[in-house]
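Subject: Structure for your files

Hello,

The structure I mentioned is below. My notes on it follow, residue by residue.

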Amino acid sequence: MATAARKAPAKSRSDGKSGLSAPKPAEFTRDEELAAYRHMLLIRRFEEKAGQLYGMGFIGGFCHLYIGQEAVVTGMKMALIEGDQMITAYRDHGHMLAMELSPRGVMAELTGRRGGLSRGKGGSMHMFSKEKHFYGGHGIVGAQVSLGTGLAFANRYRDNNNVSLTYFGDGAANQGQVYESFNMASLWKLPVIYIIENNRYAMGTSVSRSSAETDFSHRGASFKIPGIQVDGMDVRAVKAAGDLATEWCRAGNGPLILEMQTYRYRGHSMSDPAKYRSKEEVQKMRSEHDPIEQVKARLIEKKWATEDELKAIDKEVRDVVADAAEFAQNDAEPDPSELWTDIVL
């Protein structure tokens, strides 16, 4: 049975204790709007191609697409400085692209080729880049939260002014290790931003059926961690919240929770037909709140770009994705000797 149609993302408000509230959406310059448009479009087109390759049999195992949620990771990346880290769960391709990992490397990892970021041995959920400060997608629900807290501990220990962005979903928010991490981070005032990507469905279960407290910005209250809700479909709102959160952490105030109210258009994974919600609900979100279309509309309204110029950007992005797909389908498979590398005994 489909759940009731999801309402539009809620307006941000104060957490009522620290006095923090999400700021107004950032005022983007023309260059910032165009950069956000390009980055979100790259994630969208990449994920569409990944879904296509999965259907063709080039990608096996699990594959979780980020279509619809692009504004969250794009806006947060705009708030970072060199050395800030990112760690997330298994819906991770968009996070990798946002951290400027090679589209070829990401796609080749999905197809299990030696040119992949983990040399074809990790697949969709296990890609890392120490150089880009990306510490992986993780297949165990909630496992990355304790690891992201550990990254923040390292930052605090080294006194390096960096912040750990630790992403997890509304489903993972019910995991016990999340609250153990909250407690430690609050006690030691660790510079970690807990970003809850609330797409309203933990796998196939609506948050109204799986969570007693559906305002995820309150999840840190018992640990004295403030939280705010953010319209995760508006990249400007995300950027403004990201600026606030990173400044909060760099000032030594400890952790902060950002509940990003977002929405995924596809099923939980490629094997999920998403029959737990109506087509009308999805279409309503796409037509009224799509993060990419919002930027496109602003660019045209302000006469910062024409339809033809935006089509040209789309073509450039499609060419990058097509190149990545071509590489990922034709690159050699890992040598059998790779079975014995990167193993800790």
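The helices and strands named here are DSSP runs, numbered from the N terminus; a helix has at least four residues (H or I) and a strand at least two (E). The model itself is predicted.

Lys 189
By that numbering, Lys 189 sits in the loop that runs between α6 (176-187) and β3 (192-198). Its phi is near 50°, which is a positive value in a residue other than glycine. Is Lys 189 buried, exposed or partly exposed? The relative accessibility of Lys 189 is 45%, so this residue counts as partly exposed, the class between under 20% (buried) and over 50% (exposed).

Glu 100
A positive phi is also found at Glu 100, again in a residue other than glycine, with a value near 70°. Glu 100 belongs to the loop between α3 (93-98) and α4 (103-110).

Asp 84
The loop between α2 (70-77) and β1 (85-87) holds Asp 84. Asp 84 has a relative accessible area of 2% and is therefore buried, since buried means under 20%. What does its side chain pair with? A polar atom of the Asp 84 side chain lies 2.9 Å from the backbone nitrogen of Ile 81. The side chain of Asp 84 also makes a polar contact, at 3.1 Å, with the side chain of Asn 162. Setting aside neighbours within four places in sequence, the residues in contact with Asp 84 are Met 99, His 133, Asn 161, Asn 162, Val 163 and Arg 250.

Regards

Notes: Residues are numbered from 1 along each chain as its sequence is written. This is a predicted model: local features need pLDDT of at least 70, side-chain atom pairs count only at pLDDT 80 or more; totals for chains, interfaces and linings use all residues. Side-chain values use heavy atoms; hydrogens and water are left out. Buried means under 20% relative accessible area, exposed over 50%, partly exposed in between (1.4 Å probe, protein chains only). A polar contact is a pair of N or O atoms within 3.5 Å; within protein, one must be able to donate a hydrogen and the other to accept it, and residues adjacent in sequence count only if both atoms are side-chain atoms. Contact means heavy atoms within 4.5 Å.
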